[in-house]
Amino acid sequence: MDFNDTPEENSFRLEVREWLKNNANQDKKSAGYVLDEEDGALSRAREWQAKKAEAGYAAITWPEEYGGLGGTSIQSVIYSQEEAKYNVPTGFFDIGLGMCIPTMMAWATKEQNERFVEPALYGKEIWCQLFSEPSAGSDVAGVRTKAEKDGDDWIINGQKVWTSGAHYCDFGIIVVRTDPNVPKHKGLSFFFLDMKSPGIEIKPIRQISGGSNFNEVFFTDVRVSDSQRLGEVGEGWKVALTTLMNERLAIGVPKSADYPSLTQLAKDVILNNKPAIKNDLVRSKIADWYVQSEGLKYTKMRSLTSLSKGETPGPESSIGKVVSAPKMQDLASFAMDLQGAAGILNDPDIALMHSIFQNQWMSAAGYRIAGGTDEILRNIVAERVLGLPQDIRVDKTAPFNELASSR
Amino acid sequence: MNFDFSEDQKLLKEQVARYLSDNCPIEVVRGVLESDDYYSSSVWKGLVDLGLTGTTIPEEYGGLGLGPLELCVIAEELGRASAPVPFSSSVYLATEALKLFGTDLQKETWLPKLASGEIIGTFALPESAIEPNANNIQCSYSSNTISGVKMPIPDGNYADICITVVKNTTKGGDDISMVIVPLDNSNVTKKSLSTLDQTRNHTEITFNNAEADLMDNSDDGWSDVQQILDIAAVLMAFEQIGGAEASLNMAKEYALDRFAFGRQIGSYQAIKHKLADMYIKIELAKSNSYFGAMMLNDNGSDLKIAAAASRVAATDAFNYAAQENIQTHGGIGFTWEANTQFYYRRSQVLGLALGSIASWKDKLVTQLEEKNIN
C-alpha cells in the first residue's frame with residue numbers, strides 16, 4: 001500500500017513537470033473562482049490553453065485524431081496535479097471540454113467535429129451548457145423551452161437559467177421540447193447553436209452572495225438549422241445523458257476553509273475564559289470534520305488506484321459532493337459561532353481571518369444545490385449504488401402537457 | 001498510486017469470508033447468545049486450523065509471518081459475520097502486545113502457543129466505569145505478583161493468559177507497566193458479567209497476589225499501552241466496517257422485500273436517504289481505515305492520528321448502520337427472533353472496547369495540535 005507512481009506514471013510526471021517548468025509562467029493574477037473576462041483573465045486563459053493544446057496536454061484522454069494525447073485517465077490526473085502547482089488561468093474551458101465537446105464527439109457528424117473540436121481545444125471558442133430552466137432543476141427532463149419545425153430550421157422560444165459563462169461563450173448545447181403531447185422524456189430534442197444568434201438575450205443572475213457567476217438566457221424566435229440537431233427528434237434525453245454522465249465527473253466543490261482553518265481560529269478565539277481549542281465541543285467538531293475531510297481525500301486515493309490499474313473507479317467516488325458541500329456550510333457556521341456576535345461581520349478588513357468563514361457560509365448554500373442537490377445525490381447513491389427502486393413516478397407515461405406543474 | 005490491498009490479501013479475505021459463511025452463519029451467533037457458551041469453540045478451532053491466530057506471528061515462533069494488512073482483511077470478515085470468538089482479544093491485543101513488549105523468553109514461551117491456538121490471550125486495562133489513565137490504575141505489581149481488580153475484560157472467563165496493565169510499585173514509584181498473568185491460578189478469581197452482548201464474554205477478574213511476569217516495556221509504560229490501543233483501533237475499525245456493511249446489506253434486503261402503502265419501502269426517499277447515509281459513513285470509515293492500515297504496515301509517523309481517525313469514523317459508521325438497520329425493519333427488527341440485534345449489540349462492544357469516542361476525538365485533535373498543521 002502506497003501513494004507512489006508506477007515507473008510509467010513517474011516518467012510521465014517528470015515529462016509534464018519539465019514542460020510546465022519551461023512553459024507555465026507564474027501568473028500572479030489567478031482567474032480564481034469568479035470567471036471575469038474584464039480583467040484580462042480570459043485572454044490569458046486562451047493563451048495558456050493554446051499552449052497546452054499544442055503540447056497535447058489540453059485533452060490527455062482524447063484520441064489523437066481530435067488533438068488529444070490518447071493517454072490514460074491517471075495521466076490526466078497527474079497533469080492536473082502538476083499544473084495545480086502553478087498559478088495558471090483555467091476554468092473557462094471546463095464545461096466546454098468536459099461536457100459539451102464530448103457530447104459533440106459522441107453525436108455530431110465527422111464534418112461538424114472537424115469544424116468545432118479543434119477551436120474549442122485551443123481555447124479559441126468557448127462552449128456553454130443550456131439545460132436548467134426555472135421549472136426544470138433537479139427534474140431537468142421537465143424543460144419547457146420549445147423548438148418548432150419551420151422548413152429545414154427549428155424556431156426556439158423559452159428560457160434557460162444557471163448558465164455559466166453564457167455572456168462570453170461562442171456556442172452552446174441545448175435541450176428543448178419538440179413534442180409536448182408525448183411523455184416527458186420522449187418529447188425532447190438536442191441541438192448545438194451559435195450563442196450570437198439573433199433572438200438570444202443574456203442577463204446575469206445576482207446570487208445571495210452578491211456575486212454573479214451565472215446567467216439567464218432568453219430565446220425569442222431563435223432560428224437553428226436542423227443540421228445542428230444531435231440525435232433523432234424526440235431522443236434528446238438520450239443525448240443529454242451523455243452530457244450529464246460527464247457532469248458527474250466534472251462537478252465538485254472548490255478548495256475551502258477546512259479543519260486546519262477552524263483549528264487556527266479555535267486557537268485564536270476565547271470561549272468561556274480559555275482558548276476555544278481547549279473546549280471539548282470544539283475538539284469534537286474538529287475531529288468530526290477531520291474524519292470527513294481525510295475520508296474524502298483517501299476515497300479519492302482509492303479511486304485513483306483504480307484508474308492507475310486501468311479500471312473504472314468504484315461507486316465510492318460518488319460520495320464527494322454530498323459530504324463536502326454540507327461540511328463547507330456546517331464548518332463555516334460553527335466557525336462563525338466561535339466569533340460570538342462579531343460572527344456576522346463580513347468585511348474582510350475587520351472580520352477574523354479575512355471573513356473566509358462568512359464568505360464560505362454564503363457560497364456553501366449554493367454548492368449544496370449546484371450539479372445535483374444533496375437530496376438528488378442521495379437518491380443516486382440509493383438507486384445506482386445500492387440498487388433500491390425509483391420512487392413511484394406520475395410523470396413517466398402521461399403526456400407532458402397533462403402533468404401537474406408549478407404554474 | 002497503489003492505495004489498496006494486494007491480490008493475495010483479497011484472496012485471503014475471500015477465503016476467510018467463505019469459511020465464515022459456511023461455518024459461522026448468524027444461527028451460530030444466536031446459539032452462543034441463547035446458551036451458556038462463552039464463545040463458539042468450533043468456529044474458533046476452524047480459524048486456528050486456517051492458521052489465522054498466527055497471522056502476524058513470525059515464522060520462528062510458529063506463525064505465518066504476515067503483516068497487519070492481512071489482519072485487516074481478516075478483521076473485516078469477522079465483523080461481517082459478527083463472529084462469537086476471542087480473536088480481537090487474543091490476536092489484535094495480546095499477541096501484538098507480546099510482539100512489541102515481550103522479553104525474548106516471553107515470546108518464546110507464549111507466541112507459539114498463541115499461534116497454534118493452544119492458548120487464548122486477552123488484554124486488561126479498565127478497572128471500572130472510570131476511564132483509565134496513567135494516574136488512576138489501581139491494580140498493582142510488586143515482587144512478581146499482582147493484586148487488584150480488572151473489568152470488564154473480554155473473554156476473561158476462558159482466556160489462558162492476560163496481559164495486564166498495572167501500577168508498578170517495585171521501585172517505590174507508580175510507573176505503568178504490563179505483566180503477563182496466567183489465569184489458571186487459585187489466586188485469580190473470575191466472575192462473568194452481564195453485558196449488552198452475551199456473544200462476547202466479559203469478565204471481572206480479581207487478582208490476589210497472583211503470579212505475574214513483568215514485560216519489557218519502556219519507562220513510559222502508558223505510552224506503550226497507547227501504542228497497543230492504536231494498533232487495535234485500526235484492526236477493530238475493519239471489524240466495525242464489516243459489521244456496518246452487513247447491517248446495511250440486511251437493511252437493503254428488507255427494504256426491497258417489505259411492502260407498505262402498496263409499494264416497496266425502499267422506494268421511499270426517507271428510507272433511501274437513510275441507507276445512502278449508511279453507505280456514505282461506511283465509505284468514509286473505509287478510507288480512513290485504509291490509511292490507518294497503511295500507517296500500521298509502514299509503522300508510519302502518522303499512526304496515532306490515523307488510528308484515532310479510523311476509530312472515530314468506523315464507530316460512527318457501525319453504530320449508525322446497526323441502529324438504523326433496526327429502524328428500517330420497523331417492529332419486526334425489535335423482536336428477539338430478528339437478526340438485527342446481533343449487530344446492534346456488537347456495535348457497542350466494538351465501539352467501547354478501547355475507550356470512549358470522546359477521548360479518541362480528543363487524542364485526534366491533540367495529534368493535530370502537535371503536528372502544528374497550520
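Some ground rules. Residues are numbered from 1 along each chain as its sequence is written, and chains are lettered from A in the order in which they are written. In this predicted model, local features need pLDDT of at least 70 and side-chain atom pairs count only at pLDDT 80 or more, while totals for chains, interfaces and linings use all residues.

Start with chain A. Chain A has 11 helices and 10 strands. Those are DSSP runs, numbered from the N terminus: helices are H or I with at least four residues, strands are E with at least two. How does the radius of gyration of chain A agree with that of a compact globule? For 407 residues, a compact globule would have a value near 22 Å, and chain A has 23 Å, which agrees. That radius is taken over C-alpha atoms, and the globule rule is 2.2 Å times the number of residues to the power 0.38. Along the principal axes, the C-alpha atoms of chain A fill a box of roughly 75 × 55 × 45 Å.

Now burial. In chain A, 38% of the 407 residues are buried. Buried means 20 or more other C-beta atoms within 10 Å of the residue's own; exposed means 12 or fewer; partly exposed is in between; C-beta atoms are placed from the backbone. On contacts, take pairs in chain A at least 6 apart in sequence: 69% of them join residues at least 24 apart. A contact needs C-beta atoms, placed from the backbone, within 7 Å.

One helix in chain A deserves a stop: H9(A), residues 320-337. At 1.5 Å a residue, its 18 residues should span 26 Å, and the end C-alpha atoms are 26 Å apart, which agrees. The expected span is 1.5 Å times one less than the number of residues. Buried residues of H9(A) include Val322(A), Met328(A), Leu331(A) and Phe334(A). What do the buried residues of H9(A) pack against? Within chain A, they pack against H7 (259-268), H8 (280-308), H10 (356-367) and H11 (374-385). They also pack against H8 of chain B.

That brings us to the contact between the chains. Chain B puts in 38 residues and chain A puts in 39. Which elements of chain B give two or more residues to the side that touches chain A? They are H7 (221-257), strand E10 (263-264), H8, H9 (303-329) and H11 (357-371) of chain B. H8(B) gives the most, with 16 residues. By class, this side of chain B has 21 nonpolar, 10 polar and 7 charged residues. The classes: Ala, Val, Leu, Ile, Met, Phe, Trp, Tyr, Cys and Pro are nonpolar; Asp, Glu, Lys and Arg are charged; the others, Gly among them, are polar.

H4(B), residues 68-81, and H8(B), residues 269-298, pack at about 145 degrees, with axes 8 Å apart. Axes are lines fitted to C-alpha atoms, for helices over the stretch in contact, and angles run from 0 to 180 degrees between N-to-C directions. H4(B) supplies Pro68(B), Leu69(B) and Cys72(B); H8(B) supplies Ala293(B), Leu296(B) and Asn297(B). That contact has 5 nonpolar residues, 1 polar and no charged.

Next, the domains of chain B. Domain 1 is 7-119, domain 2 is 122-214 and domain 3 is 221-371. The bounds come from an automatic or database domain assignment. Over C-alpha atoms, 28 Å separate the centres of domains 2 and 3 of chain B. Between these two, 13 residues of domain 2 are in contact with 13 residues of domain 3. Strand E5(B), residues 175-182, gives the largest share of the domain 2 side, 4 residues.

Last, some single residues. Phe87(B) is found in helix H5(B), residues 87-101. Is Phe87(B) buried or exposed? Phe87(B) is buried, because 25 other C-beta atoms lie within 10 Å. Leaving aside neighbours within four places in sequence, Phe87(B) is in contact with Leu47(B) and Leu78(B).

Then the backbone. Met151(B) and Pro152(B) are joined by a cis peptide bond, with omega about -10 degrees. Pro152(B) is found in strand E3(B), residues 145-154. Asn144(B) is not a glycine, yet has a positive phi of about 60 degrees. Asn144(B) is in the loop between E2 (140-142) and E3 of chain B. It counts as partly exposed because it has 13 C-beta neighbours inside 10 Å.
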